[in-house]
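Here is a colleague's note for someone opening this model for the first time. Please keep the structure in view while reading the points.

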Amino acid sequence: MIDARAARNDPDEFRRRLARKGAAEQFDAWLAADERWRAVVPRVDELRAKTKVKGKPTPEQLEELTKVKGELKQAELELVEADAARELLLSQLPNPPDNSVPDGYAEEDAEEIRTWGEVPQLDDPKEHTDIGRFDMERAARLSGSRFGYMIGDTALLALAVYRFALDAVAAEGFLPVLPPVLVREEAMYGTGFFPTDRSNIYALLEDDLYLTGTSEVALAGLHMDEILEELPLRYAGFSTNFRREAGAAGKDTRGMFRVHQFNKVEMFVFCEPSASGEEHEHLLSIEERILQGLQIPYRVVNVAAGDLGAPAAKKYDCEGWFPAQQRYRELTSTSNTTDFQARRLGIRHRGSGKSPETIHTLNGTAVTDRTVLAILENFQGDVPDVLRQYGAPATVSR
RNA sequence: GGAGGGGUGGCAGAGCGGUCGAAUGCGGCGGUCUCGAAAACCGUUUCGGGCUUUUGGGUCCGACGAGGGUUCAAAUCCCUCCCCCUCCGCCA
């Protein structure tokens, strides 16, 4: 959620920035609704003040009170309506992009920042399904399409990758967390997945619970409605993630590349507003170090404004090389969500000033199951030595 | 799943129709004392919103888990929901 007061004070600047995400009209609609609301508030406050009587009222006062309360009821009705309209529009506004984010709306509009590693020259690169042991057919029979089993050496390799990543980020001061994956609606709203991304979330209607698509939800929600004493706080969550992949029909249908369920080690940071830029670069550097440790060739891109998603003000993706596809594909992603999630979740801290100040939050991927696929495909079954101490086999076969 | 108890400020914990945004203690902050510190003593200390402001503030409104209701008046009474605790049952 954006800072309403700040937006009110500098509407032109907010409109300019939001226009880069295609939300200029939405912003104007909110501004109008906000103005209407602000017109009703003083009227209600004034009438309420009139209803305040100390002690037992006299008969004359009683008569006056019933009159005022009639007016008040009407005004309060208006207020509720105006407030709901303004709140709804506000909740739908995305986080304005940072000025260092490139223009554009598509994945291709991202700006390449650098590449690392040598792309392997392979005559006839096999895909992960032909190297590791994935059982897609039986998983489909059990759960439907876009599910898979990882079996044997492949399972051990995956577990080693998670553990390797967890160690790497723990060394950077991130506290390991095994979070809930089933959360309430408020947590989804607070993190900005609702209302924008609702179609990608699995819902358990019987219980009003939702399966998280990333442990970011549970990690951000960890400090919901709190005033934090010490910052920064850095966490690393490991969880299984669930995504409906609505709108990805026909896309990446081969193997385990894009599935409804996968595992991920996720970094999450709560920090002071002035520190989030630096924290973001730090998250990116950790992601790169992990990919380098695993010897996966990759490139880093600065994602275009219109492709950011609602909560992010800036996002870097690290894309690993996939030999069979002959292209770089997203492996990790780190976002600076500035105060967008923290404001929705009510997370603040006591700064130098008078009243508590909304903090900033950031997230970044350490590794996912897709990282495992990148290892399999780039080395065609050989396993990086660093993973041996975490229980990975020397080579993976089917 | 069954039976009971409870949710109040950063924490603990009173209040159970009006004088309560809320006693008291702890913690925090400022001060006195001291070479310095501790102790003691004095003062201060919830959050959100609108308007206003010579940026110190001023002013009004809202909030005692959430939402509804009763009443001239609700932290206090009633209803629904959420959460926590205890006992029993079940269970990895």
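1. Start with E319 and R299. They form a salt bridge, and their closest N and O atoms are 2.7 Å apart. A salt bridge here is a side-chain nitrogen of Lys or Arg within 4 Å of a carboxyl oxygen of Asp or Glu. The pair links distant parts of the chain: E319 sits in strand β12 (residues 314-322) and R299 in strand β11 (residues 298-302), 20 residues apart. E319 is buried, at 5% relative accessibility. R299 is partly exposed, at 22%. Buried means under 20% relative accessible area, exposed means over 50%, and partly exposed lies in between (1.4 Å probe, protein chains only).

2. A word on the basis. This is a predicted model, in which local features need pLDDT of at least 70 and side-chain atom pairs count only at pLDDT 80 or more, while totals for chains, interfaces and linings use all residues; side-chain values use heavy atoms, leaving out hydrogens and water. Residues are numbered from 1 along each chain as its sequence is written, with chains lettered from A and ligands numbered from 1 in the order in which they are written.

3. Now the overall picture. Chain A has twelve helices and 16 strands. Helices (H or I, at least four residues) and strands (E, at least two) are DSSP runs, numbered from the N terminus. The C-alpha atoms of chain A fill a box of roughly 95 × 45 × 40 Å along the principal axes. Chain A has 398 residues, and 48% of them count as buried.

4. How many salt bridges does the structure hold? There are 28. Side chains of opposite charge can pair when their charged atoms come close. One of these bridges joins R86 to D83, with the closest N and O atoms 3.1 Å apart. Both residues lie in helix α4, three residues apart, which is about one turn of the helix. R86 is buried, with a relative accessible area of 10%. D83 is partly exposed, at 28%. Both also belong to a network of salt bridges that links R8, D34, R38, D83, R86 and E87.

5. Look next at E185 and R198. Their salt bridge has its closest N and O atoms 3.2 Å apart. E185 lies in helix α8 (residues 185-190) and R198 in the loop between α8 and β6 (203-204), so the pair ties together parts that are 13 residues apart in sequence. E185 is partly exposed, with a relative accessible area of 31%. R198 is partly exposed too, at 35%.

6. P195 is found in the loop between α8 and β6. A cis peptide bond joins F194 and P195, with omega about 0°. The bond from L231 to P232 is also cis, with omega near 0°. P232 is found in the loop between β8 (227-228) and β9 (233-242). For context, most residues other than glycine have a negative phi, and most peptide bonds are trans.

7. Where does positive phi turn up? Q295, a residue other than glycine, has a phi near 65°. Q295 is in the loop between α10 (276-293) and β11. It is partly exposed, at 47% relative accessibility. T338 has a positive phi as well, near 40°. T338 lies in the loop between β13 (327-336) and α11 (340-345). T338 is buried, with a relative accessible area of 15%.

8. Helix α7 (residues 153-170) passes a simple length check. At 1.5 Å a residue, its 18 residues should span 26 Å, and its end C-alpha atoms are 25 Å apart, which agrees. The expected span is 1.5 Å times one less than the number of residues. The buried residues of α7 include L157, V161, F164 and L166.

9. E107, E108, D109, D307 and E330 form a negative patch. Patch residues have over 30% relative accessible area and no salt bridge; like charges are joined within 9 Å, and nonpolar side chains (Val, Leu, Ile, Met, Phe, Trp, Tyr) within 5 Å. E108 lies in the loop between α4 (59-92) and β1 (111-116). At 66% relative accessibility, E108 counts as exposed.

Key: Areas by Shrake-Rupley, 256 points an atom, 1.4 Å probe, with all protein chains shown as cover. Lys, Arg positive; Asp, Glu negative; His and termini not counted. Charge placed at Lys NZ, Arg CZ, Asp CG, Glu CD.
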